[in-house]
Every structure is written in C-alpha cells, then in structure tokens.
Amino acid sequence: MELKITCIPGDGIGPEIVAEAKKVLDAVARKYGHTMNYTDILMGGASIDVHGVPLTEEAIETARNADAVLMGSIGGDTSTSPWYQLPPNLRPEAGLLAIRKALNLFANLRPAVLYEELADACPLRKEISEAGFDILIMRELTGGLYFGERKTIEENGVVKAIDTLTYDENEIRRIAVKGFEIAKKRKRKVTSVDKANVLDSSRLWRRVVEEVAKDYPEVTLEHMLVDNCAMQLVKDPAQFDVILTENMFGDILSDEASMVTGSIGMLASASLNDTRFGLYEPSHGSAPDIAGKDIANPIATILSAAMMLRYSFDLDQEADAVETAVKRVLQEGYRTGDIMSQGCVQTGCREMGDLVAQRI
Ligand code: IPM
Ligand code: MG
C-alpha cells in the first residue's frame, strides 16, 4: 500500500519526536511491504519564522491532499518566546486551530491508559492504580468556546473580554455518534460530561446525546457534571470507558487523565473527520525546555503513528506491531527520563526510536 503522509514537525521537541515516529513507520513499511510518502509542512512557530503566519493556505492544501497527517507539537514558552508578542490570531496555537477547522477534524480521540509496566509512575494510591484503567476521551474539537465569537472591548473606560460558547444540535450529534460507535467496540459505556446545571449549551448537549443513545441500546449512557468528572478521574478512574465531552472540557480533562496515567509522554491522539482522513499527534505539548537535547520521549508520537495506521489506513496488524514493539521495549526495562524508575535503563529520544523500530 502507498501511504501519503503529511508531517508537521512543528516546534520544540516536535521535530525530534516526529523523526522517531517516521523511523518506526519506515520499519513497518519494510516489514509489511508498504511505501511511505512523506511531505513536510510548517506550522506554529516554525511557520511564523518563515512566513509570518502560523499556517499558510498552501500548507493546508498539502495536508488536505494527503491520506493522513502526523504532527509533533507546536508552540513555545509563552512568557519568553517572541511568538507570543504577536496578535493572538498569528500565534502558534492559531495554526493548530486553523488546521482542525479547515480539515473539519471534529472528533478528537485521546486514550488514557495505565501501562502495567509504568504503574509506579501513576501518582494515585496503590489501591486505586491497581485496578488499572483504559479511558478514551472523545473530545469535540471544532466547536464551543474555541471557535465562538471573541473580542476585547472597552466599555465606559472598563476593558471587557468576551468569548462565546455555542453548539448546534448537528455538531453535538456527530460527535455523540462517534462516541457511541467507539464505545460499542470497547466496554460499551459512555459517560457524557457537561455542565448542564448552569449552561444552555450543556443542556442541549445532554438532550442530543440522549437522542443518539436510543440508537445504541447495547451501550450504557451516564451523564456527569464536569467538576465531578475532574474529581472522579482521580478518585476512581476505572469507572470510565468512553468520556464524551465538548471542546474545552475535553482539553482540560484529557490533560488530567493523562497525568493520572503518570506518563503524559506516552499518550497518543487522533483527530478525525467523517472520512478516513485524520491528524495524529501526541497529547503532550512542545516542551521547549528540553528541545534539541535528545531526551524527549517519542513514544506518544510513535503510538499516534500506530493510531494512524489503524484509523486512516485500516492496517490493524501493522498498528498492533507498533504497539507490541513499544510494550516490549518497556518490558525490557528501557525508559526515557520522564518515565525513568529504579533498575531501568535510561535512553535518549533517538535510542528509544531505534529500540522500537528494531522490534517491529
Ligand atoms: C491540545 C492543546 C491545544 C488545545 C492548544 C495548543 C491550542 O492544549 O491539543 O490539547 O487546547 O486544543
Ligand atoms: Mg490541551
């Protein structure tokens, strides 16, 4: 099979971790007889430095013409990087939001899994972590507060900022369908998270999710308020299977869930539209403080590439091979600094990529 992949190395540790994911994809290509066709585009600070904007139309077109996009990370240190002196619509993050919108990537899947090998890194008490957990956060990605009208104005000498949270029923329905579809293949439970005790958008969310649930009698639906969900994630994460939620709640809860696994450097993500096309990126950020030092953990990006093989190319066997290779490397005791524990062998970013690639 010929796989046409657009790569976005991006900023910070992005280029290093994408290079390792490509190494692993190349090993997959050699073993299973595929051809990988990569084209790089600039996004975020890397694009600002060259083009003055965080994403160009040409870059979007290149991505649109690929079968999938593999991304590293974008952004820099918000208090020291000159990118953050620019107006908000020209900063690195605006590029990411623009590509999500342009490619209609409304469904963001963020698995938060507690790896047995890394159970020691879990910050929760043993009684809780022992139960293990495997959560999939299905985050709406192209609506809500992120894309509503926003402005900063002055009223009677007082500065005022306005962000707008809107959702229409169609936006809610399509993400709910994605949530129930994936729950069907998992433990068949959806926890829909909202703030329906306060927000109209959440009350509509709840109503539409309940309508969609009628088409999935085999899936159990429960509703949970977002503040309670934040608590439950640390109190009893094993209760969750699929968490279905709107854009900003999903942003916050997915960071919390990943921290609960103790290894944010391990967590992949996929952003999908209604076709097989997807953008795959680690759940973590660009970590500018450790960029270029060959110490970043490339596993989240490698596992994102595995999600790409599975969701965009239907190559389950190849995706399994990548996930198994990662597990083997961990079982053999290799760790990057972020997940290092006593008795293990510490590796750098490149060596970790080599170790995984060798085990394909
Ligand atoms: C994420 C990030 C982005 C988001 C930022 C970089 C705009 O935090 O992918 O979770 O908030 O969506
Ligand atoms: Mg985030």
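The legends below describe close-up views of a predicted model, in which local features need pLDDT of at least 70, side-chain atom pairs count only at pLDDT 80 or more, and totals for chains, interfaces and linings use all residues. Residues are numbered from 1 along each chain as its sequence is written, and side-chain values use heavy atoms, with hydrogens and water left out.

**View 1. Packing of helices α1 and α10.** Helix α1 spans residues 14-32 and helix α10 residues 299-311; helices are DSSP runs (H or I, at least four residues) numbered from the N terminus. Their axes, lines fitted to C-alpha atoms over the stretch in contact, lie 8 Å apart at an angle of about 45°.

**View 2. Residues between α1 and α10.** On the α1 side, Ile17, Val18, Glu20, Ala21, Val24, Leu25 and Val28 make the contact (heavy atoms within 4.5 Å). Their partners in α10 are Thr301, Ile302, Ala305, Met308 and Leu309. By class, ten of these residues are nonpolar, one is polar and one is charged.

View 3. The structure has zero disulfides (pairs of cysteine sulfur atoms within 2.5 Å). For Cys122, the nearest cysteine sulfur belongs to Cys229, 16 Å away.

View 4. Cys349 is buried, with a relative accessible area of 0%.

Methods: Chains lettered and ligands numbered in written order. Axes fitted to C-alpha atoms, helices over the stretch in contact; angles between N-to-C directions. Helix = DSSP H or I, 4+ residues; strand = E, 2+ residues; numbered from the N terminus. Nonpolar A, V, L, I, M, F, W, Y, C, P; charged D, E, K, R; others polar. Buried < 20%, exposed > 50% of the residue type's maximum accessible area, 1.4 Å probe, protein only.
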